[in-house]
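Me: I have a structure open and have never looked at it before. Can you walk me through it?

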Amino acid sequence: MAPFLLTHMLVLISAQLVKSSGVFELKVHSFTTTSSSSSVCKESRDCQVFFRVCLNYTQDVMSYRLACSNGTGLTGTFSTDQSSISTSAPITVPFKLKGLGTFSVIVEAWSTESSNDPSMENLNSMINHFATQINLTIGEKWSQDVHLGEQSKLHFSYRAVCDEFYYGDDCTDFCRPRDDPFGHFNCDAAGNRICLPKWKGHYCAEPVCLPGCNEIQGYCEAPGECRCRYGWQGPRCDECLPYPGCRHGTCRKPQQCTCDEGWFGLLCDKNYKDE
């Protein structure tokens, strides 16, 4: 029993130490450019492009090249045909934070000769980059933004959502459905534990005993049981056990031997008629 309790406590402690875990998503809707600064992309009609996103927990948008403190994300490559860009999948950047707030977001547009091997080694292949600051909050709704650069225009939207099993305004509430010795529950849309049938308690680890089982005199280790504590008996543990050897007596609490009419003695085994 002791190792089980220790393991259970470690699981509960670790659940309280979970950090924020979410995903920043950015969707490029359109990108137009007349720039000829790229050594690879001289004519936009034949250009293959991809986008890189840098998410930085800083208000200095110029420092992003030193470190993208909260990660980067890339798209695949596609032509500058607007239908190709607008139907592309969102760029996702996982993040783990102690709290949300102001972030710098940098979106770079790069040209490439090969759609199978996009490279950022040649800085001359960068068509343009767009930097902005956002106040990052968790929500399903997309925020729209348009940025104008030198001979370029970028229309995109973004949002931040929690990872699977994470909930709350800062993605710090963790709830993963389970049905094992450490809990029996599902999770609702807000991350609250919803106990499975026949289980109860904060972590849904306490079984629901047989209906009518005395809560003080009985207990259960599995749903539907009713095990009696010492001194009690009966299907619902509501019958006391009299003093051992009590022959003609009853009890209202364990170890009693209250003699029936006509009987006396410690074990109620003596009859007045015999005296």
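Me: Is cysteine 204 buried or exposed?

Reply: Cysteine 204 is buried, with a relative accessible area of 1%. Buried means under 20% relative accessible area, exposed over 50%, and partly exposed in between (1.4 Å probe, protein chains only). This is a predicted model, in which local features need pLDDT of at least 70 and side-chain atom pairs count only at pLDDT 80 or more, while totals for chains, interfaces and linings use all residues. Residues are numbered from 1 along each chain as its sequence is written, and side-chain values use heavy atoms, with hydrogens and water left out.

Me: What does cysteine 204 form with cysteine 195?

Reply: A disulfide, with the sulfur atoms 2.0 Å apart. The term stands for a pair of cysteine sulfur atoms within 2.5 Å. The torsion about the S-S bond is about -85 degrees, so this disulfide is left-handed. Cysteine 195 is partly exposed, at a relative accessible area of 29%.

Me: How many disulfides are there by that rule?

Reply: The count is nine. One of them joins cysteine 175 to cysteine 187, S to S 2.0 Å. Cysteine 175 sits in the loop between β11 (173-174) and β12 (178-180), and cysteine 187 is in strand β13 (residues 183-187), so to speak 12 residues away; the pair links distant parts of the chain.

Me: Is that link left-handed or right-handed?

Reply: The link of cysteine 175 and cysteine 187 is left-handed, with -90 degrees about the S-S bond. Cysteine 175 counts as buried, at 1% relative accessibility.

Me: And which way does the link of cysteine 213 and cysteine 226 go, left-handed or right-handed?

Reply: That link is right-handed, with 80 degrees about the S-S bond. The sulfur atoms of cysteine 213 and cysteine 226 are 2.1 Å apart, and both residues are buried.

Me: OK, stepping back. What is the secondary structure of the chain?

Reply: The chain has two helices and 24 strands. Helices (H or I, at least four residues) and strands (E, at least two) are DSSP runs, numbered from the N terminus.

Me: How many residues does the chain have, and what share is buried?

Reply: The chain has 275 residues, and 35% of them count as buried.

Me: Which strands make up the open sheet of four?

Reply: The order is β5-β1-β9-β8, with antiparallel pairing. The edge strands are β5 (91-95) and β8 (143-149), each pairing on one side only. Two strands pair if DSSP finds at least two bridges between them.

Me: How many bridges are there between β8 and β9?

Reply: Seven, in the antiparallel sense, with β9 covering residues 152-162. Leucine 148 has lysine 153 in β9 as its bridge partner.

Me: What lies in the loop between β8 and β9?

Reply: Glutamate 150 is placed there. Glutamate 150 counts as exposed, at 69% relative accessibility. From glutamate 150 to threonine 33 there are 117 residues in sequence, but 8.6 Å in space, C-alpha to C-alpha.

Me: Different topic. How many of the residues of β6 are buried?

Reply: 10 of the 11, so β6 is largely enclosed by the rest of the structure. Its pairing with β2 is antiparallel over nine bridges, and β6 and β7 also pair in the antiparallel sense over nine bridges.

Me: What stands opposite serine 104?

Reply: Serine 104 in β6 has asparagine 56 opposite, and serine 104 also stands opposite glutamine 133 in β7.

Me: Last one. Which residues touch the most other members of the largest nonpolar core?

Reply: Phe24, Leu26, Phe31, Phe51, Val53, Val105 and Leu154, in a core of 25 residues. Such a core is a set of buried Ala, Val, Leu, Ile, Met, Phe, Trp, Tyr and Cys residues joined through side-chain atoms within 4.5 Å. The elements giving two or more residues to this core are β1 (22-33), β2 (48-56), β5, β6 (102-112), β7 (126-135) and β9.
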